[in-house]
Structure formats: C-alpha cells, structure tokens
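Thanks for coming, everyone. I'll walk through one structure today, piece by piece. Please have a look at it first.

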Amino acid sequence: SVSRISKESPPIPGSLRISDITLVLNSPNQKFPKKKAAEVFHERVIRIYFGDRQFGRSRTSLIFTGRISKFEMGEGTMTVQARDIAFDRFRFNIADTMKVLTTRVFPDLPNGQESHLVPIVYGDCNIDPDFVANLATYTGGGPVPCYLVDADAGGKWRYVVTQHISKEVIYVFVYGVQTASGFTVVYGGAGATYDGVEMTVIDFDSDPRLSGKENELEVTAAVKGWTADGLQSGTLIENPVVVFKHILNQYGNTPATDLQTALWDAASDDAATASSGGDALKCAFALVDRRWDFLEVISRFSQSFLMSFFNARDGTFGIYINTGETPPTPSLNISDEVDVIRDSFRVEFNEPPNLASILQYNFLYQWVKDYFERQPDYTIAGEAAKFTDSSSSGGQRRENVNLWFVRHDSTALAVVSAYGILYKEDRQFPSMELTPERFREIDLNIWMGVTHWQGVALSGGYVSKAFRVIGVQIDPRPGATRIAVQSVDA
C-alpha cells in the first residue's frame, strides 16, 4: 500500500513544503531481508508512477521521487518511509557556490580579514531616496559592504564590491560619509579577476582606514548590480522573475532546462506590468550573509514578491507570482455533476494569523546595519469594521509583511496590495476530491473554473468561478484512487 502523496503551494509564502510517504511492500520468501543483507537501503531513491499500468510506462506519470529515510521489516512485509528530494539540490550553504574572502580567492588578503561572503548585487541598491538630495549631511553609508582585499595593489588600497561585474557603483562611503574623489572603480578585466571571476573593485589612492575605528566597517557603497549579459554596458536586471531565474542558473545548481519555460515566461510578463499604473515590479538586494543556505534565498524571494516556487507535475520547477490582478481564464472546468466525488466538497475561510485589517510592510533593507529603513502601514479596504473584538488592537488586526528584496516604493505598494487581498476575511478556500481522469490536467497554481451548487455566493452556488490550485493530494491505492484538490479564489 502507499500513503497519500501531497504537494502544496501556500498562498502566503513561507518555507518550502516537503512531502513524505509511507510504503508497505509485500516481501514473499524474505525477498527484502535477503536484499538488505547485501545492499544499502538508507538514502536509496524511490520513484512512484501513477496511471494505468496495463498500457505500459508511457501511460503513467512520475508523481514522487524520494529517498528512503527509515525502513523496517515485518512478517512478509517491509515498511518504508521516504522523503521528497525535489528540493534537495538547494540544501547547501550559499558560500559553496559563491566566493568568500580567503587567500585562495584573494592571494594578497590582509591578515586578520574575516571570511565574509563577497557581495552579490541585483537591481538598484541605492540609499533611501529621501537622503539622495542631502548627501552632504548624510552619514548612514551604503547598503553594500566593501572589503579590503589588497593593501598594496600597485600602490592602491583595493576593496572588493561585488563578485561579478556590476552595472555601476553609484556612491562610495567612508565611515558612512560619501566621498566623491580619491578612488577609481574597476569593473572586471584581467586586473580585477580573482579565482577565475571578474569582480568589481574600488582602488583608493590612500588608506581609508582610521585609527581607533578598527571595529567599524570603513567602506560601503550604493550599487547597481548584475546586468543581462554580465557586462557593465549591459541592461540592469530588475524583473524579480528574471533575477530569480538568473540566481538559480548562476548559483543554485539549476540549469534553464530544469525550469518550465512557459510558467517562467508568464510570470515574468506578469511582473513586468504588476505595479500601479502598469509599472514593472523591481527587485533589488545584496547577498552578504554567508550563513544562509540556498533555501533561505528562495524563501525570501517568495515572501518579497508573493511568489510560489514549486515542483511541477512534469518534474521541472515552476513559478507563480500573485500580483492581485483579475484571475486569468481558467485552463480547465470542474463540475459537481461530472468531476467532484460526492460529499467531498468543502469551503473554508481565512483564520488568524492570516486575517488582518492593517499590514505593516517592511522594505528598503539596510544589509550593512541589518534593519528595514521603511516600515509603513497598509490599510486593507473594508476590513477594519470586521475586527471589533478584544483580540484586536483598537478595532484593528495587524500583521507584518517583510519584503526583503524590495527597495522601490511602487513595487512595495503593489506587493502589499496583493498580500492585502489574501488577508481578507472573505477569502474562500474550496477543497474537493476529483475522479482520477483529471490527474493529467491538475497541477499547482493552475486556475480552474468550478461549478458547484454548494458554493458560497449570493446567487447560490458557483458557476464557473475561478480558483487557483494550492494543494494536490493523490491517493494511488487501487479501488480508492482519487485526486484531492485545495484551492483559493485569489
């Protein structure tokens, strides 16, 4: 027997959901005890296919790939527990694929320099726009740390800015104060190549370090990061979907062939027109913390742009970005008369902590000083009157949304507006079980039109109402085969 196999894509992003399964296998004539005596079972790969086996493998679909995490032998059986390995490739420290401050990378690294991650920058990582007009009195420094890597680079003091060629070093700050002269920025080339990677560096004419400030970071910068072709003359990458794809390809052990092209192209188009007035969403951040694993990068991307990164039915990685726009035309239609198994239909509604009337949305993160420079409130229209009980503050219910990779006002407002729709009290979450014939059409984050007499509507029931699939559960047992679906109307 096989336990149910689940995939989830929570509407409000958090950590990636990993599924486990339990298999009970027949073991005639001590088949598995004998095999175990000669073979290693732990971490062995298990693949489960779903379909009509009488027509051969070509008519089945791979629904689970996992590794054995636990097993035990019984009388004539073996019970196996396995965990999904779809996201195992991302279980590594980011320093494993990125450069850090070591003498292997920088042969002339000064003694005592900590092994920081050499920054990676995407988008326009400038200082708070409110301070740009008053740089003469600004003392807050830039969001990107710069590190001394050579105290005698041809008579210069060399600081590394990014471990790639950046579009532009906008401003340079020494102990928080802008300096406009006495240095040269070098964008790659043979003279700024370390461990085979062209980097962006700043060469100071004199030592910027001051006595008595040994415990302070002396040089920071405002930077425009990666370009589309990796050259300074190239186009700055700012579309969050394009940036996500780039960082997966460049640093995340994920080639373009492992990404479902149609989904990534559609999400990129959505991000290009998602902001108020049709403006594009813009992504901007610096990777500076070598303690992160790559799953942390994925999680913060998802939170920052209300994205879903998921393992699609065909085994590739898909993406969906929720822009809060009108749902698209559903790609399939589900009817209570034909598809929904009797007595399986339910509709749930939002509950705490996913209920709010005010969202504090935090953005413009200062990576050097570790805090959000902007923390405004967003009032969700029509929700305040619903929270007058003692569990809310002043008739309001507040939640926080962290937009780690957002530095632009219009983008932050567009994203929090989409979050606001999901935090409303009247969000609907229908679940239902479908006949197995629908298996090849159902996947995470597709939109389906649902017609059902029990739907919640003033007119009584749903008529082709659009819902997005956020959970799929397959019961592959013979005689009990069915597809359980969870969905949301946003």
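Let me start with a definition. Buried means under 20% relative accessible area, exposed means over 50%, and partly exposed is in between, with a 1.4 Å probe and protein chains only. Take Asp343: its relative accessible area is 64%, so Asp343 is exposed.

Now, the ground rules. This is a predicted model: local features need pLDDT of at least 70, side-chain atom pairs count only at pLDDT 80 or more, and totals for chains, interfaces and linings use all residues. Residues are numbered from 1 along each chain as its sequence is written, and side-chain values use heavy atoms, with hydrogens and water left out.

First, the overall picture. The chain has 490 residues, and 49% of them are buried. Its C-alpha atoms fill a box of roughly 80 × 65 × 45 Å along the principal axes. There are six helices and 29 strands. Helices (H or I, at least four residues) and strands (E, at least two) are DSSP runs, numbered from the N terminus. Contact means heavy atoms within 4.5 Å. Among contacts with a separation of 6 or more, 69% link residues 24 or more positions apart.

On to the sheet. Two strands pair if DSSP finds at least two bridges between them. Four strands make an open sheet, in the order S2-S5-S4-S3, with antiparallel pairing. S2 (20–26) and S3 (45–51) are the edge strands; each has a single partner strand, so one side of each has no neighbour in the sheet. From one strand to the next, the twist averages 40°. Angles run from 0 to 180 degrees between N-to-C directions, and axes are lines fitted to C-alpha atoms, for helices over the stretch in contact. Seven bridges join S2 to S5 (residues 77–84), in the antiparallel sense. There, Ile21 stands opposite Ala82 of S5. Helix H1 (residues 31–38) lies across S2, S4 (60–73) and S5, at about 80° to S4.

Next, strand S10. It spans residues 168–174, and five of its seven residues are buried. S10 runs antiparallel to S16 (residues 219–224), joined by six bridges. S10 also pairs with S11 (residues 177–179), antiparallel, over three bridges. Which residue of S16 is the bridge partner of Phe173? That is Thr220. In S11, Phe173 stands opposite Gln178. The hairpin of S10 and S11 has two residues between the strands, and Tyr175 takes a positive phi near 50° there.

Now the helices. H3 and H4 (residues 261–272) pack at about 140°, with axes 7 Å apart. That makes H3 oblique to H4. The cut-offs: under 35 degrees is roughly parallel, over 145 roughly antiparallel, 65 to 115 roughly perpendicular, and the rest oblique. H3 contributes residues including Phe244 and Leu248 to the contact, and H4 residues including Trp264 and Ala271. H5 and H6 (residues 409–422) cross at roughly 85°, their axes coming within 8 Å. H5 and H6 are therefore roughly perpendicular. Ser302, Gln303, Ser304 and Phe305 of H5 meet Thr411, Val415 and Tyr419 of H6.

Then the rings. Rings of Phe, Tyr and Trp (its six-membered ring) pair if their centres lie within 6.5 Å; planes under 30 degrees apart are stacked, over 60 edge-to-face, and the rest tilted. How many aromatic pairs does that rule give? The count is 33. One of them is Phe244 with Phe301, stacked at 4.6 Å centre to centre and 15° between the planes. Phe244 lies in H3 (residues 240–251) and Phe301 in H5 (residues 294–305), so the pair ties together parts 57 residues apart in sequence. Both Phe244 and Phe301 are buried. Tyr365 and Trp367 have ring centres 4.6 Å apart and planes at 65°, so that pair is edge-to-face. Tyr365 and Trp367 are both buried.

Last, some backbone details. Most residues other than glycine have a negative phi, and most peptide bonds are trans. Pro352 and Pro353 are joined by a cis peptide bond, with omega about 5°. Pro353 sits in the loop between S21 (346–349) and S22 (358–366). Back to Asp343: its phi is positive, near 65°. Asp343 is in the loop between S20 (332–335) and S21. Ser464 also has a positive phi, near 50°, and is found in S28 (residues 462–475). Ser464 is partly exposed, at 43% relative accessible area.
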